[in-house]
Amino acid sequence: MTHRRERTLATAGIARVEGEGSLYLRVSGDQVDEVRLDIYEPPRFFEAFLRGRSYREPPDITARICGICPVAYQTSAALAIEAACGVQVGGPLADLRRLLYCGEWIASHSLHIYLLHAPDFLGYPGGIELARDQRAIVERGLRLRRAGNAIMETIGGRAIHPVNFRIGGFYSTPTKSGLDRLADQLQAALDDALETVRWVASFDFPDLTVDHEMLALSQPGSYPIESGSLVSTDGRAFGAAEFERQVIEQQVPHSTALHARLAGSDGTYLTGPLARYSLNSRWLPPRAAAAAAAAGLGDSCRNPFRSIVVRAVEVVCAIEEALRLIKAYEPPSIPSVEVVAQAATGHGVSEAPRGVLYQRYELDAAGTVVSARIVPPTSQNQAAIERDLRQFVQVRLDLTDEQLARECEQAIRSYDPCISCATHFLDLQVDRT
Amino acid sequence: MTGVGGERVIVIGVGTEFRCDDGAGPAVIERLRGTVPANVELLCSDGEPTRLMETWTDAAVAIVVDAVSGGDAAPGTLHRVVVPGHAAGHGSAPTPGQLAPTVTPASSHGLGLGAAIELSRALSRLPGQLILHGVQGEAFGYGQAFSPAVEAAIDDLTARVRADVLSALAS
């Protein structure tokens, strides 16, 4: 019997761009033959769009790739261009970038935890139904998100596509009193964040253990956010400049996206909260570390469903870090350091909420972008998600297609893939023979 | 910023300028600048629901302009839907079904305007009146050019939105 079913879960009225995500399963008897996930359009348009632009423009342009994580795109772009120009932004300007990035983590993770992921564990179709039934809980998540947005508005000028970020630093830096005002809001948010960890830790998690090599940044002494070098659970260690030699991207027939694997390995790998936590849990600040321990996370976490707990711990981490940075803040003497263009290539990596985000820029002597490369976390994770789904589906073949679609959606939500902003998910096709 | 009665009037253009027709909302906002009273808030948004909700909470009138995909209407067709806001009281008529999300998307990138409306309704955060203006799009790939149908409709869409703004200020 060939059984084909397609679901188009798009809004038909006033809607955003639709229909760019699909999952295809081919099942023969009791064996899953193929899992194909087509969820991501890599920002090739932006790579082409950046060519011929001034080296000062990529932070503003790449911020437009994603409304959820613009700071990640801005930061990796700036790091790459500054590296090409032989400049390393340090001291209070680097601290401000970390603080800005903390805001993005708080806002992004809170949205995912409360409106996307938690409803799956509580038996709600979605965050709206959760809000109707448990308003106080959702209001807590929205307070957290507001705290993250407040950081981005104070330092970045606005929460989406921050405008105050530039090569070399910022256009203007906040006053001490301006940041102190944020501290009160963040102190209250810390309580909300700790309560969030306790809340999500109480959920029942499906069994799933993934054995991928994990890749994340490392900033010895602190939890990696805005910069660092790369490390993996199999002992790899390399800098941003080595990224394209270590991460091999290859075409696959079913997708416009490139699939990634690590050099010298035929296996997939995973980046994102699970990898970040498993490689860096010892560097969590005290409150986050205690919350993780109380939640039973251990030193590492390989169950994608428990990523909601890791995200909640990372929200605590980001708030603690933000409070520390605000307390230590002294306005820098200049808002940015001079960055003089030179003919060179630079590489930059940072930890977007969804994982390692790499960019490379080749500049000519006049500072014109000759070529650009952007490798976001979702395209790196795509092969790993497919492999995990195969394992996940194999033991659920007795489900109806409808049940299977729902459970696959929940599994995919665990990774919070970037599905090219403003797309709707999920078209599912199952062929059973 | 407030209208005549001291109440906020806000226009929000939803979309991204790098996805062809999806940039219609922000384009209307740019065309409105300087042509409506300065006390009218003009904003662009990526449509993320919690931010939309925070933006229109406490507004007397919120007007949202977005591109439309799906359905049977011809490209360039203009839509106008009035969503009963908090002024209509809780338990008011439901949002037209086509505006509500049918499922939870698989990613936080997939939440949209329908989710913003329903979340606001659940949390009593709808504006006094919410007016949705849409233009039926056909090109949503990467790029900055509108399809000919949307290009031809933008000025008319802008005029309709401006008329609603002026009406809101006069009421």
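Here is a walk through chain A and then chain B, with something to select at each stop.

**Before you click**

This is a predicted model, in which local features need pLDDT of at least 70 and side-chain atom pairs count only at pLDDT 80 or more, while totals for chains, interfaces and linings use all residues. Residues are numbered from 1 along each chain as its sequence is written, and chains are lettered from A, with ligands numbered from 1, in the order in which they are written. For the complex, the predictor gives an ipTM of 0.81 and a pTM of 0.89.

**Stop 1: all of chain A**

Select chain A and switch to cartoon view. You get 13 helices and 14 strands; these are DSSP runs numbered from the N terminus, with H or I over at least four residues for helices and E over at least two for strands. Of the chain's 433 residues, 55% count as buried, where buried is 20 or more other C-beta atoms within 10 Å of a residue's own, exposed is 12 or fewer, partly exposed is in between, and C-beta atoms are placed from the backbone.

**Stop 2**

Zoom in on Val316(A). Leaving aside residues up to four places away in sequence, Val316(A) touches residues including Leu190(A), Leu194(A), Val197(A) and Ala291(A); a contact is two C-beta atoms, placed from the backbone, within 7 Å.

Next, select residues 307-328 of chain A, helix α11. Is α11(A) enclosed or open? Because 18 of its 22 residues are buried, α11(A) is largely enclosed by the rest of the structure.

**Stop 2: a three-stranded sheet**

Three strands make an open, antiparallel sheet in the order β11-β12-β13. β11 (344-352) and β13 (369-375) of chain A sit at the edges with a single partner strand each, so one side of each has no neighbour in the sheet. From one strand to the next, the twist averages 15°. (Strands pair if DSSP finds at least two bridges between them.)

β11(A) and β12 (residues 355-363) of chain A are joined by nine bridges; find Val349(A), and Tyr358(A) stands opposite in β12(A).

α3 (residues 70-84) of chain A lies across β11 and β12, at about 150° to β11(A). α12 (residues 377-394) of chain A lies across β11, β12 and β13, at about 130° to β12(A). Axes here are lines fitted to C-alpha atoms, for helices over the stretch in contact, and angles run from 0 to 180 degrees between N-to-C directions.

**Stop 3: over to chain B**

Last, select Asp58(B), in the loop between α2 (49-56) and β3 (61-68) of chain B. Its phi is near 75°, a positive value in a residue other than glycine. Most residues other than glycine have a negative phi. Asp58(B) is partly exposed, with 14 other C-beta atoms within 10 Å.
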